[in-house]
Amino acid sequence: ACTTCRACEVVCPVTIEHVPRIIAMRQGQTLMAEAYPKELNPALKGLERNGNPWGIGYDKRADWAEGLDVKLMMDDENVDYLLWVGCAGSFDDRSKKVSRSLVKILQQAGVNFAILGTEEKCTGDFARRAGNEMLYQIMAQENIEILNQYKVKKIITACPHCLNTLKHEYPQMGGNYQVVHHTELIQQLMSEGKISLKQSLEGGLTFHDPCYLGRYNGVFKQPRSILQAISVQGVAELERNNRESFCCGAGGGRMWMEETIGKRINLERTEEIVCSGVDNVAVGCPFCLTMLEDGMKEMGEEDNIKTRDIAELVAEHLA
């Protein structure tokens, strides 16, 4: 049931690191005992066959960028940044809108970037968190070979799970890159005057801290500073925020499993957002986007509270 959100580690008075031990136990269950949840099979097969947990043909990975004039690394590797799109940003219809918004921002700021297109595969984060360490290492090795072949140095990604894996776990296998989340880069572009935003977003606004962006990577200020620049009323904090934010329920491979114990995690968080009385909630993670939008639909609040990624809000408010 663990979502690997690490909230337990943050509050633990004796600094026990629970999550690595839980993942190690899952490795034993998955690789040795073959006793992992069988509902993960479709997603794991999708990783093996097409390099993404949706199982969609890998040849369609760059279809989201059609008509956007986005360069491919195989055509021009002399770029400042590689945009790591991730599986959600490439295949999930809702997250494709985030990818398109991010491209609009980067192009307006004059950032020289490219994507890998069909050469990109899942980072393997989901496989590792689900205990399938062998599959993770195969995928990581393939990705690192491609990245090193292109001599990639700087990577931008809109997915905190990709960010965490590329930044902290790929170095274990010889993949050393400077990796930034899109909110970090957008904030940098704002401070350098490369993009300017209109402060015209009406209604109450709050930010849901993704676990892998906040607790894992310490990115708290940048998203809020971006949102302050576009919101008329400023940013209202949820009861649980920053390091003590509440998980959306999708991490640790749980995105691909049903919840059968107690109350659904995304519903718990959605109720908190609804009770805060805001009209807009911003996120910085494709899993959080899916889980919170589902929660809003379940509560019948999707027309009252808009859930959007920060990149979408920035693209809408470019001056």
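This is a predicted model: local features need pLDDT of at least 70, side-chain atom pairs count only at pLDDT 80 or more; totals for chains, interfaces and linings use all residues.
## Asn143

Asn143 sits in helix H7, which spans residues 133-149. Its relative accessible area is 2%. Buried means under 20%, so Asn143 counts as buried.

The side chain of Asn143 has two polar partners to look at. One is the backbone oxygen of Cys122, reached at 3.0 Å. Another is the side chain of Tyr170, with a polar contact at 3.1 Å. Beyond neighbours within four places in sequence, Asn143 is in contact with Trp84, Tyr170 and a run of residues made up of Glu119, Glu120, Lys121, Cys122 and Thr123.

## The sheet

Four strands form an open sheet in the order S2-S1-S3-S4. The pairing is parallel. Strand S2 (113-114) and strand S4 (178-181) are the edges, each pairing on one side only.

Strand S1 covers residues 81-84 and pairs with S2 in the parallel sense over 2 bridges. Across this pair, Tyr81 stands opposite Phe113 in S2.

## Helices H9 and H10

Helix H9 (residues 182-191) packs against helix H10 (residues 221-230). The angle is about 50 degrees, and the axes lie 8 Å apart. H9 is therefore oblique to H10. The crossing of H9 past H10 is left-handed.

Which residues of H9 and H10 meet? H9 brings Thr183, Glu184, Ile186, Gln187 and Met190. H10 brings Gln222, Pro223, Ser225, Ile226 and Ala229.

Technical notes
Residues are numbered from 1 along each chain as its sequence is written. Side-chain values use heavy atoms; hydrogens and water are left out. Buried means under 20% relative accessible area, exposed over 50%, partly exposed in between (1.4 Å probe, protein chains only). A polar contact is a pair of N or O atoms within 3.5 Å; within protein, one must be able to donate a hydrogen and the other to accept it, and residues adjacent in sequence count only if both atoms are side-chain atoms. Contact means heavy atoms within 4.5 Å. Two strands pair if DSSP finds at least two bridges between them. Axes are lines fitted to C-alpha atoms, for helices over the stretch in contact, and angles run from 0 to 180 degrees between N-to-C directions. Angles under 35 degrees count as roughly parallel, over 145 as roughly antiparallel, 65 to 115 as roughly perpendicular and the rest as oblique. A crossing is left-handed if the near helix is turned anticlockwise from the far one by less than a right angle, and right-handed if clockwise.
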